[in-house]
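Work through the exercises below with the sequence and the model at hand, and try each task before reading its solution.

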Amino acid sequence: MNDVTLPDGERVPALGMGTWNMGEDPAARAEEIATLRLGLDLGLRLIDTAEMYGEGLSESLIGEAIAGRRDEVFLVSKVYPHNASRRGVAAACERSLRRLGTDRIDLYLLHWRGSIPLEETVQGLQALQREGKIRHYGVSNLDLSDMRALWSIPGGTQVATNQLLYNLSRRGIEWDLLPWLRERHVPVMAYSPIEQARLLRHPGLVQFAREAGMTPAQVALAWLLARDGVIAIPKTGNRQRLRENVGALAHTLTPGQLAALDVLFPPPRGPRPLEML
């Protein structure tokens, strides 16, 4: 398993598991839990969720899946911006802990920037950290101007990651935000790394994957895994798909293959607004 180093030196897997939309369909629950448990068996010990996902249903699903295995998991969750006041984030964290069936969240993120001042949010996150409720804190969907604002406040430089929409078809952050984060040793957690399965139907990627002896999903993940300081969190509630995702770890793209992907999915030629899903 490839690792990515957080700013404090802790190493986490470069390939984890996302859970957006999981836990919402009772008929899929058993397979989703089995998939998360299989992921842990295969070394995908980073699991990402949020209070927004099914309004807590995803967190409850994860809590059931990791019962008895909590110490194997690097657990990531996110707080709504409207809950990110000093008092609000404490209450939201308590609700997430209860649903997850744990006494701590390893990495707790502001889901996106809202109207509550970043300074107040960071104060709330630091208080949770002092209390042992969270181990690290970070952000999600913050653009370069947001990150600069964060960097100017006390505690803002202690963020462990910025979780962003990043995949072969969404490369805008490479122009300015990604280099800025790399200079400060802040990893990117790439959500929707397969573009919610839309990349699987891209004709050029399908042909590339066939010639490389991979699946399109494996190519998309291997491309992210080849990039320094990037953690990919594909979501699947299907064990067969999860095994396919894990198979990306067996493939290292060559410089020639990476160049060919740059032709299929060109890097940005100028600044772009931050994309979100």
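Two strands pair if DSSP finds at least two bridges between them, where strands (E, at least two residues) and helices (H or I, at least four) are DSSP runs numbered from the N terminus. This is a predicted model, in which local features need pLDDT of at least 70 and side-chain atom pairs count only at pLDDT 80 or more, while totals for chains, interfaces and linings use all residues. Residues are numbered from 1 along each chain as its sequence is written, and side-chain values use heavy atoms, with hydrogens and water left out.

**Exercise 1.** Find the order of the strands in the open sheet, and state which strands stand at its edges.

*Solution.* Step one is to follow the pairing, which is parallel and gives seven strands in the order E3-E4-E5-E6-E7-E8-E9. Step two is to look at the ends: E3 (46-48) and E9 (230-232) each have a single partner strand, so one side of each is left without a neighbour in the sheet.

**Exercise 2.** Which residues touch the most other members of the largest nonpolar core?

*Solution.* Begin with the terms: a nonpolar core is a set of buried Ala, Val, Leu, Ile, Met, Phe, Trp, Tyr and Cys residues joined through side-chain atoms within 4.5 Å, and buried means under 20% relative accessible area, exposed over 50%, and partly exposed in between (1.4 Å probe, protein chains only). The largest core has 86 residues, and those touching the most other members are Ile-47, Tyr-108, Met-147, Leu-150, Tyr-166 and Leu-261. Helix H8 (residues 216-225) then supplies the largest share of this core, eight residues.

**Exercise 3.** Decide how the rings of Trp-20 and Tyr-53 are arranged, and where each residue lies.

*Solution.* Rings of Phe, Tyr and Trp (its six-membered ring) pair if their centres lie within 6.5 Å, and planes under 30 degrees apart count as stacked, over 60 as edge-to-face and the rest as tilted. A search of the whole structure finds four aromatic pairs; in the pair of Trp-20 and Tyr-53 the ring centres are 6.1 Å apart and the planes lie at 20 degrees, so the pair is stacked. Trp-20 is in the loop between E2 and H1, whereas Tyr-53, 33 residues apart from it, is in the loop between E3 and helix H2 (57-65). Finally, Trp-20 counts as partly exposed at 25% relative accessibility, while Tyr-53 counts as buried at 6%.
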